[in-house]
Amino acid sequence: MCGIVGYIGSREAYPVIIKGLKRLEYRGYDSAGIALLNGGLKVYKKKDKVADLEESVIGKDISGTTGIGHTRWATHGEPSDRNAHPHVSNSGNIAMIHNGIIENYASIKNELIKKGYTFSSDTDTEVLLNFIEDIKKNNEGTLEEALRIALKRVVGAYCILLIDKNNPDTIIAARKGSPLVIGIGKNEHFLASDASPIIEYTKEVVYVNDYEIAIVHADELILKNLGNEKQTPFITKLDMELSAIEKGGYEHFMLKEIFEQPQTIYDCLRGRMNAETGVITMSGIQQYEQQIMNAGRIIIIACGTSWHAGLVAEYVFEELCRIPVEVEYASEFRYRNPVVNKGDVVIAISQSGETADTLVAIETAKEQGAIILGILNVVGSSIARKSHAGAYTHAGPEIGVASTKAFTAQLAVLIMVALKIAHAKNTINKERYLLLCKELMEIPDKVAIVLLQNNNIKALASKYKDAYDFLYLGRGYNFPVALEGALKLKEISYIHAEGYPAAEMKHGPIALVDEKLPVVFVATKDSYHQKIISNMQEIKARKGKVISIITEGDTVSPTLSDDIIIIPPADEIVAPMLSVIPLQLLAYYIGVAKDYDVDKPRNLAKSVTVE
Ligand code: G6P
């Protein structure tokens, strides 16, 4: 939530920052702003997208080799020009941008108001900024000292960047809970919420840790903790190419990412799964294999699409490993005083690795003695660093706000882990184990076959785009897929959609069914197939419109469906990686048909770093 970029060096800062903000726009896009030092302090900010900010500065002075920029996802205060960052302190000397939430801002604000401070926005950020300025004034000290004192009083999460008109050779940054990466160039430094704005300039980066302050000059990076002790910056080499964060000829990132899935799933399996020998190598979890095998319980913690991947994993782990699994919304788990026993294994699933609810939830579980495994896409992310072990999904940067390729990669990793544990525990027979290894390895090619249905799905989207509601139904492994299909449609097309277990439908949702309601059945051939056929009949009997995702060779479902999408046969354990693809495309094309910004749907953000 909120994207942050900073630059200090000998280039013009403005183009570097604007380009960086566009790459980070997935983190929030309700307003954007930039502050530049060029003798004085220039601040420009604008409601809406980075492109609107760019337009608003045409003809203005945008020179300067030090600057900070921000793209916002509103928490405190509506999206508007005045609530946009950067904020400027009462003296007019210091500008600040912030990602996160200052929870005790109200009491600090009252103190400052009593001292005569005034505020031109509704944000918690402006409060923190003036608090820092007030401490600086009272102590007659440096900005860095004032920041350190202020942060000790602050409750909440932050990544902040500060620049001072009177000290133009420095950017000061600090983080707790919200990410910050610093790219190290030749006599220049780049600061950002993730590596995407940095990658084209340098591959050497430092991930700043919680409770660290960075004092950044063009030619020097100093890291300190809140106790003012110097820390040694740990330089990491980025393993990412620029092309991975560009659209590559597709109209939208979401479409590109849907079409990347044969490759991303393959990348996830490559080097780990040998289907012929049945050897699965996952070095990240090797060390904890015994503990997972002996776990009394697995608790899966996630949000959004990642939570749906967790639901599929629940079925897979219980079926294959015979370990009880609970899947928890991170936000609920954190606040309900959960029972966690020593030796429980917690699997945190997150594309970004930064989701605040998930991060806080695993901290809670860790304190209570659980082993934390992270199934994450972003290397070096906060959850990765808080986990004992885990496995990356290797799906590459996911820019479209609605998650697609991350979901299938998460499933690939989770199924591999389950297979590995089941094999070690001997809860699966050899024949089935080898079959599932083979089935998993065949998924990338089968996804490519599903993608051939693209034009068919596009046509269906234009047929159903004006519906007000959709129902998505599935059973067993396909139930979470139904939930995910409904979520995709809500996110991208703003059409109300509900996902339901197909059998549960008769306990309520069936009352919604009439000739106008499209009902999407995820009805691939599996052990529940006969049952879901009956559910289709129940919908047809009430004149609902049935759209079915079916397995090649199924002759019954087409007779009960208005429209069908055929996918290749696959074992039910791996089938969700295929059946979800048409649902991603359906949501995408309905969103496009309705002329919505599918990569940046309203009110959403890709990385939700507030609780
Ligand atoms: C946001 C995104 C979703 C994502 C969810 C969890 O809501 O818009 O696409 O599924 O966060 O994110 P995570 O990075 O933890 O998987």
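Modeller: A polar side-chain atom of T355 lies 2.4 Å from an oxygen atom of the ligand. For S352, a polar side-chain atom is 2.6 Å from a ligand oxygen. T305 uses its backbone: an N or O atom there lies 3.0 Å from an oxygen atom of the ligand. Alone, the ligand exposes 390 Å², and the protein buries 90% of that (Shrake-Rupley areas, 1.4 Å probe).

This is a predicted model: local features need pLDDT of at least 70, side-chain atom pairs need 80 or more, and totals for chains, interfaces and linings use all residues. Numbering runs from 1 along each chain as its sequence is written, and side-chain values use heavy atoms, without hydrogens and water.

Next, the space itself. The ligand takes up the second largest pocket (more than half of its atoms lie within 2 Å of the grid points). A pocket is an open set of 1 Å grid points where a 1.4 Å probe fits, with protein on both sides within 12 Å along at least five of seven lines; lining residues have an atom within 4 Å of a point. About 710 Å³ of space lies in this pocket. Of its 30 lining residues, C303, G304, T305, E491 and V608 are closest to the centre. Elements giving two or more residues to the lining include helix 10, strand 20 (345–350) and helix 17 (479–493).

How values were computed. A polar contact is a pair of N or O atoms within 3.5 Å; within protein, one must be able to donate a hydrogen and the other to accept it, and residues adjacent in sequence count only if both atoms are side-chain atoms. Grid points are joined across faces, edges and corners, and a volume is the space filled by probe spheres set on the points. Helices (H or I, at least four residues) and strands (E, at least two) are DSSP runs, numbered from the N terminus.
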